[in-house]
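Subject: Structure handover

Hello,

Here is the structure we talked about. Please open it first, then read my notes below.

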Amino acid sequence: LDPCPILHISPTLDSMKMFSKERLAPMIRDTPVLRDLVRDSRSRDSGNTIASKKFPGGHIAMVGSNSPAGLASRPIRVLVADEVDRFERSAGTEGDPLELGIKRTTTYWNAVKVFVSTPGDKYDPLEKTGSRIEKEFLDGDQRHYHAKCPHCDEHQKMKWANVHWDADDDGNHQPATAYYTCEHNGCIWNELDRHKAMRDGVWIAEKPFNGKVSYCLSQLHSLFAPLKNMVDKFLSSRADPMLFK
């Protein structure tokens, strides 16, 4: 709809190749309107390679954060940095790869920069160390998705503290009994209720808009992950600090 030069940065060259082969290429193959715009990679001079795909009016280049050459000397209007908390701290001797990517967008007044990641270490605002994505989130308007209770219609943030499950007479945990409780009126949500709550939710910003929109989602919002699986993972990992993290 709006073709332009796009740069997608993955943590490493290997993860870039996985993204290109397992995510982007199948999407183009299975979407007729995109398939007609990107030539077959088997044709000669198609402009369709693992690291770059051309289309009328633009292209998408894909690089790893550990590849300084891929981050240099190309004007980009749309920058997508994926899993930024797993980026190298320096792209060779060139410095921070995220900053290198941002510099590529200075040519365009209407540049769009998208940073995405599962958070890593906690961000320390005094030392300015730790999670990159948490810093980006805190610098934005801090939007959280508020689910709507299907029983009392109250909106609320999803919190792990509101996930509960039963135990048998011997005290053994029963992840299959997992349910969510509404923080306003104690309404009990089963899996179907949680799906309804997600469908009818709204984004609510906690700070005024300052030019940067930021979003936070947890797996509690996922319609692909049942609560019982989350509870099972929680119980099986909490004895190991690294797994629990």
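**What I found**

Gln 142 sits in the loop between helix H4 (132-139) and strand E6 (143-148). Helices (H or I, at least four residues) and strands (E, at least two) are DSSP runs, numbered from the N terminus.

Some ground rules. This is a predicted model, where local features need pLDDT of at least 70 and side-chain atom pairs count only at pLDDT 80 or more, while totals for chains, interfaces and linings use all residues. Residues are numbered from 1 along each chain as its sequence is written, and side-chain values use heavy atoms, leaving out hydrogens and water.

**Two positive phi angles**

Most residues other than glycine have a negative phi. Gln 142 is not a glycine, yet its phi is positive, about 55°. Gln 142 counts as buried, at 9% relative accessibility. Buried means under 20% relative accessible area, exposed over 50%, and partly exposed in between (1.4 Å probe, protein chains only).

Glu 83 is not a glycine either, and has a positive phi of about 55°. Look for Glu 83 in the loop between strand E4 (78-82) and helix H3 (97-103). Glu 83 is partly exposed, with a relative accessible area of 24%.

Cys 149 is in no disulfide; its nearest cysteine sulfur belongs to Cys 152, 3.6 Å away. Cys 152 is in no disulfide either. Cys 149 is buried at 1% relative accessibility, whereas Cys 152 is partly exposed at 23%.

**Helix H6**

H6 covers residues 227-237. Its buried residues are Leu 227, Met 230, Val 231, Phe 234, Leu 235 and Ser 237. What covers them includes strands E8 (163-167) and E9 (173-181), plus helices H5 (191-199) and H7 (241-244). Contact means heavy atoms within 4.5 Å.

**Second largest pocket**

This pocket holds about 460 Å³ of space. A pocket is an open set of points on a 1 Å grid over the protein atoms alone, where a 1.4 Å probe fits, with protein on both sides within 12 Å along at least five of seven lines; lining residues have an atom within 4 Å of a point. The volume is the space filled by probe spheres set on the points.

Of its 18 lining residues, the closest to the centre are Leu 1, Ile 6, Leu 34, Leu 37 and Phe 55. Helix H1 gives the most to the lining, with four residues.

Best wishes

Terms used. A disulfide is a pair of cysteine sulfur atoms within 2.5 Å.
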